[in-house]
Amino acid sequence: MYAGQRLNTFILFSCIFLFVGTEVLLSPFYPQFFEKVFGIKDLGFTGMYVFLCRLTVVLISPIWGLLSKRYNAKRLLLIGQTGTAIACVLMATSQTEMQFLVFSICLLFFKSSYLLLYTILLQHAGKGRKRVTGLYHAVFQSSVIVATLASSWVIQLEDPLIVFWWAATLDAVQAIVCFFIFKRLRAYVAVPQDLDTTGNRVGSFGFLMKMALIIFTLHFSVTLIRPFFTLFSERELHTSVFTSSLLFLVPSLMAVVAAPLIMKCKSDKLPFLYKIAGITLFISLFVQGFVVTIPVFILFRCLFGVSLAICQASLEIVLFQRGGNVHYQYGIVSAFQNLGLLLAPLSATYLVESHSLQHPFIFAGVAAAIHLGLVLLTIYSKAGVQEEKRIAEEENHRNVG
C-alpha cells in the first residue's frame, strides 16, 4: 500500500508538472506571440492581456477554496480539469486577439481549480507537509524550466496556436488519471477535512491578512521584471531568443537546487534563513537592471532564484503548519498572490513605456525591501518567531498523537 501511495503521489506531482508547463509555456514571449499570430505590436495589449488574466485568477481562486468547504475538493478538481481542456480547444481555434483573450479568461476560470491539487497533497501529508512543500516548488520550477526552453521553440513555429491543442490533450489525460487515482485509493478518499483544532487564535482572519499582504508584496516584486525580461535581455545584453529564454529560467533552475535545503532545514532555523534570503532577493533584483556583462548577470540571476525559492517555501510552511482548511486558506492567499501578479505587469508596462527597460528592476528592488520589512515586523519579529515555535510544537504533538 505504501508503494502504491508513493506511486500515486508521484503521478499527482506529474499532473502539477504538466499544469504548470502548459500555463507558462508562452509567458516569456507574449509580446512576440501577439505580434506573430495576430499582428499586435502595441506592448500595451500584452499588459492588458496579462492584467485581465490575473484579475480572473484573483477573483476565482478564493471561490474554489470556498466551494471546497461544501463540496469534495477532488470532484471540484476534476470539473476544473475538464473545463480547462475544453477552453484550450477554444483558444486553439481563435481567429482574433479578442477571441483569444475571452477564451483565455474561460481557461483561467477552470484552471484556477488546480490549486486544489496542491492542497489535496498537503491535506494527506500530515507531518510531511514541509517535504511536500519543498517537492512542490522543485516540481513547479522544473516545469517552468522545461516550458521556458520549449517556448523559444514554440514561438518560432509557423502557427504557435497549435500548442493549445497539445495542452487540451494533456489536460484531458490529467482529468482521466486523477479520476482513477481518487477512485481507487482509499487514502485519498477517506481522509477527513482539516479541522482548526487550535481555535480562533491560529486560524484567525488577522493572520491570513498578514500572510496575504506579505505574499502580495513578494510576488509583486519578483513579477515586475518578468513581462519584458526577454526584451531587456535582447536589447540591453544583445542576446538571442534562445539565450534570453535561458536567462529567464536560471532562477527556476536554482529553485530546484534549493529544494533539498528547504526540506532539510529545521523549523527553528527558517527565520534566520528567511532574513538572509530576503536581503539577497532585494540586492539581486536591484542589481540586475544595471549589469552589462552576461557572466555577472547570471550570477545575480542565480542568487535571485535561490533566495526567492527560500522565501516562497518558508511562507507556505508558516501558513500550513497552523492547520485549518488548507483549501480555503490557500485559496485566499493565492488570490493576493495573483493580485501581485496582476498589478506587476501593468506597472512594468508603465515603467517601460515611460522610462526604460531598467526601471522594472529598480522598482522591484524597492518592493522587495518593503516585503522584507513587513516580514520582520510581523511573522518573523521576535514575538512572531516565538508564536511560530509554539505552533510548530503543537503541530508536532498532534502528529505524534
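Leu224, Ile225, Phe228, Phe229, Phe232, Val352, Leu357, Pro360 and Phe361 line the second largest cavity. A cavity here is a set of points, on a 1 Å grid over the protein atoms alone, where a 1.4 Å probe fits but cannot get out; lining residues have an atom within 4 Å of a point. Helix H10 (229-236) and helix H15 (359-377) each supply at least two residues of this lining. The space inside is about 40 Å³, counted as the volume filled by probe spheres set on the grid points, which are joined across faces, edges and corners. The structure holds two cavities of 30 Å³ or more.

The model is predicted: local features need pLDDT of at least 70, side-chain atom pairs count only at pLDDT 80 or more, and totals for chains, interfaces and linings use all residues. Residues are numbered from 1 along each chain as its sequence is written, and side-chain values use heavy atoms, with hydrogens and water left out.

Now the fold. The protein has 16 helices and zero strands. These are DSSP runs, numbered from the N terminus: H or I of at least four residues for helices, E of at least two for strands. Look at H3, residues 43-67. Its 25 residues reach 37 Å from first C-alpha to last, close to the 36 Å expected at 1.5 Å a residue; that span is 1.5 Å times one less than the number of residues. H3 kinks by about 25° at Ile60, shortly before the proline Pro62. The bend is the angle between axes fitted to the seven residues ending at a residue and the seven starting there.

Finally, burial. Of the 401 residues, 55% count as buried (under 20% relative accessible area, 1.4 Å probe, protein chains only).

Technical notes: Buried < 20%, exposed > 50% of the residue type's maximum accessible area, 1.4 Å probe, protein only. 1 Å grid on protein atoms, 1.4 Å probe; cavity = no way out; pocket = protein on both sides within 12 Å on 5 of 7 lines; lining within 4 Å.
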